[in-house]
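Q: I have a structure open beside its sequence, and I would like to learn how to read it. Could you walk me through it feature by feature?

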Amino acid sequence: MPVASDAEPAAAALDWRRHCRLIGPAACRIPLSDAVLTALLAVVVLADLTLVHTWGPHPAYAANALIALVVTVAQPFRHRAPVVSGVVVYLAMVAYVALLRTTPVNLGLSPVIVAVPTALHALTRWAADRRWGVAGLLAALAGAVVNPQTVYAVNPHTAHMFNYPPVGFALACVLVVTAVYLWAFSRRAAAESVDRTVAAAAELAAAQAVSAERLSIARELHDLVGHGLTVVKVQADTGLALGTPEAARDSLTAVRDASAAALASTRELVALLRGSAGQGAARDTLTPMADLTGLPDLVAQARAAGVEVEAALPTAAELASWNESWTALQRLTLIRVVAEGLTNAARHGTGSARLSVAMRDGRCAVRIANPRSGVEPTTAPGAGYGEEHGYGLAGMAERLRLVGGRLRLEAGPSDDGGACFLLDAVFPVSFSSDLTRTPASSTPGSPIIQDS
């Protein structure tokens, strides 16, 4: 006999409405199998009533018909209320055995006994408590031994009607009952296994969604706040190093502007997170954060932090056209790559950087090069920068992967014999055909704006 699992049964596995073909009005739909079984047993009731009509209203005939009627009435509830229906059928079978034990006439073998294995199936497959199935099996096995043939054989009124032992019939009943129980149990176990698999997959998906959300928040927090704090640190160091009132005033002014920008970015992030409950609110909040016309402001902030930036950016008109044709994620990726690259140049460079942003063959290319102290060549985001700095580059690489792009980092000698760090980021962008005809001066080799 199979051993029932200790795990709680999944509700979907016991929802017979999802597993059975239903018929009838919406308010009282029942499985097709129950309707067919009810109809067949109703025929048995009519046949038993013909005995009353043919042989007269003998109490044995009337009781036999009444038992068949009770069993028939219980059939429509076999799935809807399996315990109640099963108990009614089993009690009716007890009454049937008692009737056979005392009847002075031969009532024959009533077909209503088929209701026992069907009730056992319902108890095992659909009852919420598995113990009802086990109890139904034990009762059915007892009934298989004390079957109608056995009862007839010990009835003093009908014993002489049979001259063979009822062992074969009892054995057949035991086999049928056992097979029905095993079949119902296996189907229930399979359905519960499917439910547990689905629940585990849903739980895993929810955990992955939470992890992805945390990663996204961490990335946004680093990119939004980290840039401003880097400017604050650089300016504070500059003011302390120079020590003059004019230098301190300039540094404090830059610190104030950078702090205000970081605070505004933090508010934008909070607004984005709070607006994520509604798609429309999230979209409206994300739009101003992904405004490409703000790229020159990032360059200005880097310069305010003391970095001499030689920038080659598209014109304001081109940036505005990119705003209309790119997705919000693509625009945000470009802004974050430029901000993080300039932040790294300010923190780890020697005070200068070259930046170029251009479109070519449906791809946006960003290149940031800055001189720095000696470092081993590398192409791995974060390598050579230490764990602290790797968060920004790792987040940049993740952003680029989300939009189908790539990131290449390289450290090597510069033209003046020093060390240089090069950041190359490329990602595809959606761009309408009329907007792809950018002027020749907008290519990486011939930038439109060349300032320093």
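Q: Let me start with a single pair of residues. Which residue in β4 is the bridge partner of A312?

A: A word first: this is a predicted model. In general, strands of a sheet pair through backbone hydrogen bonds, either parallel or antiparallel. Here the partner of A312 is S356, in β4. Another facing pair is V309, which stands opposite A353 in β4. Taken as a whole, β3 and strand β4 (residues 352-360) pair in the parallel sense, over 5 bridges.

Q: In which sense do β4 and β5 run, and how many bridges join them?

A: β4 and β5 run antiparallel, joined by 7 bridges. You can follow one of the facing pairs from S356, which stands opposite R367 in β5. The two strands form a hairpin with 2 residues between them. In that turn, look for D361, which has a positive phi of about 55 degrees.

Q: What is the strand order of the open sheet?

A: The order is β3-β4-β5-β7-β6, an open sheet of 5 strands with mixed pairing. β3 (308-312) and β6 (406-413) are at the edges; each has a single partner strand, so one side of each has no neighbour in the sheet. From one strand to the next, the twist averages 15 degrees. As you step along any strand, keep a general idea in mind: in a regular strand the side chains alternate between the two faces of the sheet.

Q: Which helix lies across β3, β4, β5 and β7?

A: That is α12 (residues 328-348), and it runs at about 5 degrees to β5 (363-372). The strand β7 that it also lies across covers 419-428.

Q: Which residues touch the most other members of the largest nonpolar core?

A: They are L334, L355, V366 and L423, in a core of 40 residues. The biggest contribution comes from α12, with 8 residues.

Q: Let us turn to charges. How many salt bridges are there?

A: The count comes to 8 salt bridges. When you read one, look at the distance, then at where the partners sit in the chain. D34 forms a salt bridge with R78, with the closest N and O atoms 2.9 Å apart. This pair links distant parts of the chain, 44 residues apart: D34 is in helix α1 (residues 32-55), while R78 is in the loop between α2 (59-74) and α3 (82-102). Both D34 and R78 are buried.

Q: Where do R188 and E192 lie?

A: Both are in helix α7 (residues 167-242), 4 residues apart, about one turn of the helix. R188 and E192 are both buried.

Q: Why does the pair of D424 and R367 tie together parts that are apart in sequence?

A: D424 lies in strand β7 and R367 in strand β5, so their pairing ties together parts that are 57 residues apart in sequence. The closest N and O atoms of this salt bridge are 2.9 Å apart. D424 is buried, with a relative accessible area of 9%, whereas R367 is partly exposed at 40%. Salt bridges that share partners join R367, R408, E410 and D424 into one network.

Q: Is S265 buried or exposed?

A: The cut-off for buried is under 20% relative accessible area. At 16% relative accessibility, S265 therefore counts as buried. You will find S265 in helix α8 (residues 245-274). S265 and D223 are 42 residues apart in sequence, and their C-alpha atoms are 9.4 Å apart in space.

Q: How many residues of α4 are buried?

A: 12 of the 12 residues are buried, so α4 is largely enclosed by the rest of the structure. The buried residues include A115, P117, H121, R125 and W126. To check the length of this helix (residues 115-126), compare its ends: from first C-alpha to last, α4 reaches 16 Å, close to the 16 Å expected at 1.5 Å a residue.

Conventions
Residues are numbered from 1 along each chain as its sequence is written. This is a predicted model: local features need pLDDT of at least 70, side-chain atom pairs count only at pLDDT 80 or more; totals for chains, interfaces and linings use all residues. Side-chain values use heavy atoms; hydrogens and water are left out. Two strands pair if DSSP finds at least two bridges between them. Axes are lines fitted to C-alpha atoms, for helices over the stretch in contact, and angles run from 0 to 180 degrees between N-to-C directions. Contact means heavy atoms within 4.5 Å. A nonpolar core is a set of buried Ala, Val, Leu, Ile, Met, Phe, Trp, Tyr and Cys residues joined through side-chain atoms within 4.5 Å. Buried means under 20% relative accessible area, exposed over 50%, partly exposed in between (1.4 Å probe, protein chains only). A salt bridge is a side-chain nitrogen of Lys or Arg within 4 Å of a carboxyl oxygen of Asp or Glu. The expected span of a helix is 1.5 Å times one less than its number of residues.
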